[in-house]
Structure formats: structure tokens, C-alpha cells
Amino acid sequence: MADYDAIASLHKAIPPFSPSIPVALLPYIAFLLLTATFALAFYFSTLPKSALPIREFAVASTASILGGFGVVALFNSAGVYL
Amino acid sequence: MLGFWRSSYSLFLLISLVPYVSAGHSFENTAIVRTVELGGSVVHVTTTYAVKALEDDSKIYTIALGEREHDSTSWLVAKIKGESTPLSVEERESNGNGPQLYDIKLPSPLMSGRTTNIVVETAQTHVTYPYPEEASQKDGQSLKYEADLLVLSPYDTAVQRTKIRSPFPQIHSYTEPEVEYTQDAPVTKSGATLTYGPYKNVPGSANARFAAEKQQRIAVHFSYDQPVLEITKLERAAEVSHWGANLNIQDNIHLRNAGPRLKGHFSRLEQQSQAFFQKPAPHMLPGLTLLLPAGIHDVYFYDIVGNVSTSKLRTAPSVPKGSQSNQFSVLELKPRYPLMGGWNYSFTLGWDSPLADSAGWDRERGKWVVGVPIMTTIPGTVVNEEELKIILPEGATNIEFFEPFPAIETELSTHITYLDTTGRPTLTFSYKNLTDKHSGIIYVAYNVPFSAHLKKPIAVATALMGLFVLAFVWKRVDTRIQKQK
């Protein structure tokens, strides 16, 4: 019981949870990132075929990373808190 | 040779007598008063023992509960009268028959001749039943409560009495027993209170022989003008989200009206006329008012048919984490149909609340600590079975939990939901027969490394990259049926 009381008072004393990215900003971040993803994906589709696909790989990976964070931000702003 | 066996035989005899001796005749009860507050599915019993120590340094006081009483008791706490810190109570190993003994450790040992008052509060569940068992829409509701007449104790009792208090004024009948411990009337009634006693000079009674020979059952038949509710199963899931800084709590509630079964058919005409003349039947439940935590938003209430719109919510603004505030969000909900006796209604109720209201960051240990309430109490209602699931973020490690009272079963498993790859660690607690006394908070401390936070974005990024790779390959594959010349 002493254990329980100790964690209860610790829980009350410690600073409350605060996310690294404020939740109110998430819808805007989602919009920006997903717009960038869409634009980059469009650009990817216009790239010509080449022997060493460096540009294609770079564009694709940037679009994927931005899209990854964008989708997570989108889910959170829609109310599905991941 | 024989001498060796003789001495070990007498040693064995001495050792076998220890259980009877260790009940300890180091106390004497000067008075025991048991007060029973009658209710629907939950009955609260408060027993005050005025004890006098007969030996120096008496530390452990033992109380006894009869077999049936022990089976129905789901909450027991002992305190010294006037103080608020609970004492440590240990249930003794029971041998199956006879009363169940509990050892209470006194805060300071009592010297011979000193007295003290120990208050034991218990909550009993499922001890009343509707009688008559069937009632039509127009009839009233009456319950019967059965209990043991005498309070058991391993020590001699100078005087004991039991007071049974009914919340509503009408008591139809009660047992008038024949008791050898009193010269006056064994039971007296005053308004809505029955007093069984005072019974004088009851010897130590915590053994099976007393229970068989001298103990009696008493029954009280009283009217109860409120619906008797029980929740047959409560499934609560609390999901912690770090990306969304949110705690989602979802309750699947299977509600049952444990009053008298409806006799005949349900008449909507009768229901409407009762509502119009404001004379509702006492065993009919039109709706419930729930006190939900402050600071919640996005509350949903649906059942198997779909969303239930007959509800009214007044939210209260957030309160700081851990504060014992009396601010609640009030939800008045109405099931799709009024609950008559014996009817069930199952629904899902859920809400989101900011994670800052329930969780904090412990910098020293590098852990987050979240507090999840075990249930939303509905006064006077028993929860027959509860399964509480606490779903932590993906990749949580070093999980420690602290519970206010032990659960029947605890399990750590993995729960998979949106955008999960390895799944989220989930703690599952199982409970039985919870009352409003069991409303507590479970604290869980856990670590989430930074890389675990990135699991979800990386998973989505990998899927998108897969699409890009597919597009890359598609551009370079010739799918024409006829080759270009």
C-alpha cells in the first residue's frame, strides 16, 4: 500500500504529458506534408528513365518520409489518435 | 527407542493444538454494534468492535465472518474509530468449513486492560433478491435481505446488537427469532430501523460448532422504490496515444435490471400515462445519469443498432492531473427502451480526454506514468465482472503497474490496431463484484524509446516507398501484346 501511495503522489507531482509536436498544429502539418507528398509523387511520375536512378530514388524516398509523417498527422487530426 | 517416539508424539500433539491457541484469547469484546444499510444490489455493513486487551502487547485482533457472509463480501476495510488510515487486514488460510477469520494488525500494541474501537466496513453484493419475484408494470418493488443473526467473534462478547436500516420507510416483515442471550424482546422496530439485540454474554463463536448450533438466519422484507441495477459485464479499454496526446476510454456495458421480472406484457400506454402523471413504477429504469471525468470531448454512445441520440452531455473543463476535484462531466443517457425488471441493455460509451490530464513525465526514471480509473461508478450498482484493458503506445517497455487492490487476474498481451507493426503492449485486469467502494485508479509506468515513436511514420513511409518501387518497375516493363517493329 505504501508503494501505491508513493506512485499516486509521484503521479500528482510530476509535470503533465506534453507532446513534442503540439496537437493543435497537427491538421496544418498534415496538410502541408501531404501536399508536398502529392507534388513530389507527381514530379516522380514525370521523371525520365535513366541508367542510374538516383533522382528517382531521392524523390521517392523524400515523398515517402513526408507522406509517412503526413498520414500519421492526418489520422490524429481526424480523431483516430494513434 | 520408545522414549524418542513418545516425546515426538507429545510434541506433535502440542503442535496440532497451536491453531486453536493462536486465535488468541488476548482480547474481550465489550460491545459489538453491526449496522446494515440495506440497498438494492449492494449492502453496506459497518461493524464496530469495542475491544479490551486481556494480555500485554496484544497486536493482532481477529474477526470472523460466517461462510455465506464471507462469500458475499467483496470489500473489507478496517480502521480505528475516528482515524482515516486503513489497517492491514490479512485473510487466514481457510479449511473450507466454518467461519472465515481475518487478522487485523493494530497500529500500536495494546497493554492489558486498555480499550480501543475497531470499525470494519464491508460491502456485500447479491445478498438481496426481489420478493415477489414477478411484478407487473403497475406493481411496487420489494426485496428480501437475509443474514446471520449473531455477529461471530473468536473472543467473548459482553453485549452485541445488529441494526438494520432500510432506505425506504416501508418494512413488510422481519424474522422474530428465539434467542437465548436476551431476556427482553429479541427484535425491536423503530421507523425504518430494526434492532436485533442487545444480546448479552455471547461466548467465542468463531467455530463451526457454534455456527451449526446457535447461529440463526434472519430475513427482512422491505420495499425498495428505486431500480435495482447490476452490470453483468463491463469491458473497459483505455488507449494511450503519444502522437495525439490523447487518452481514449471506451466502456462496453451490459446493464441489467435485477428487480422483479415483468409479469405480463409491456404496455406503452401504461408507460406513457405513468410518465404523464409523474408516477413512475419504482422498478422501471427510464435513464441513467453518469458522472464522467472533467475535460472530456468527443463522447460517443452507441449500441448494436447504431448511435443512440437520447443523451445529454454537459462537459466540465479540464482539471489538473491527480487533483481530487469534484468537477465532473454529466451525461444523462436514456436507453432505447425503459428497462423493466429482468431486462438487459448493452451499449458502448466512450470518450477522449487530453493525455495531460492523466499522464505525467518522470524525468528521474525516464518513464511516463499514466493513471486510469478502474470504472465509472453508478451508485448502488454492482459490476459482476469487469475486464480492464490498458493499451500502451507501441514499443513501450519496462512496464510496471500499481493497483489500489489486487485484481483476480492480470495479463500482459499485444493489441494490434491502426498503423501498428509490432502491436501495442496491453495490460488486462479482471475483476468480480465491484461496488462503488472499488472506484480507484491504476497507475502504469512505462518507457517508450524515441525510435519506437517513429515506428508508425516509418511503417507508412515503407508502404509508400513500396508503391514508388512498383511504379519504377512498371515504367520499365513492356506490357504491350504486340512488339513494336
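Which domains does the domain assignment of chain B give? The assignment gives domain 1 (19–223) and domain 2 (229–458); such bounds come from an automatic or database domain assignment. Before we walk on, note that this is a predicted model, in which local features need pLDDT of at least 70 and side-chain atom pairs count only at pLDDT 80 or more, while totals for chains, interfaces and linings use all residues. Residues are numbered from 1 along each chain as its sequence is written, chains are lettered from A and ligands numbered from 1 in the order in which they are written, and side-chain values use heavy atoms, leaving out hydrogens and water.

Let us stay with the two domains of chain B. Taken over C-alpha atoms, the centres of domain 1 of chain B and domain 2 of chain B are 34 Å apart. Their contact (heavy atoms within 4.5 Å) takes 20 residues from domain 1 of chain B and 28 residues from domain 2 of chain B. The size of an interface is often given as the accessible area lost when the parts come together. Here, buried area is the accessible area (1.4 Å probe) that two parts lose on being put together, summed over both. Between domain 1 of chain B and domain 2 of chain B it is about 2100 Å², and carbon and sulfur atoms give 53% of that. On the side of domain 1 of chain B, W75(B), Q137(B) and Q141(B) supply 33% of the area buried against domain 2 of chain B, more than any other three residues.

Charged side chains take part as well. There are 3 salt bridges between domain 1 of chain B and domain 2 of chain B, a salt bridge being a side-chain nitrogen of Lys or Arg within 4 Å of a carboxyl oxygen of Asp or Glu. E270(B) forms a salt bridge with K138(B), and their closest N and O atoms are 3.5 Å apart.

Two peptide bonds in chain B deserve a look. One joins Y131(B) and P132(B) and is cis, with omega about 5°; P132(B) lies in the loop between β8 (128–130) and β9 of chain B. The bond from G197(B) to P198(B) is also cis, with omega near -5°, and P198(B) is in strand β14 (residues 193–202) of chain B. Helices (H or I, at least four residues) and strands (E, at least two) are DSSP runs, numbered from the N terminus.

Now turn to chain A. UniProt, in an unreviewed entry, places the feature "transmembrane region" at residues 25–45 and 57–81 of chain A; its positions are given in the numbering used here, feature names are shortened, and annotations may be inferred rather than shown by experiment. Over residues 25–45 of chain A, the chain is 95% helix and 0% strand, with end C-alpha atoms 30 Å apart. Over residues 57–81 of chain A, the figures are 84% helix and 0% strand, with end C-alpha atoms 31 Å apart.

Finally, how do the chains meet? In the model, 40 residues of chain A are in contact with 45 residues of chain B. Chain A and chain B bury about 3700 Å² between them, 73% of it on carbon and sulfur atoms. H11(A), F17(A) and Y81(A) supply 22% of the area that chain A buries against chain B, more than any other three residues. This interface has 2 salt bridges, and K475(B) forms a salt bridge with E56(A), the closest N and O atoms being 3.5 Å apart.
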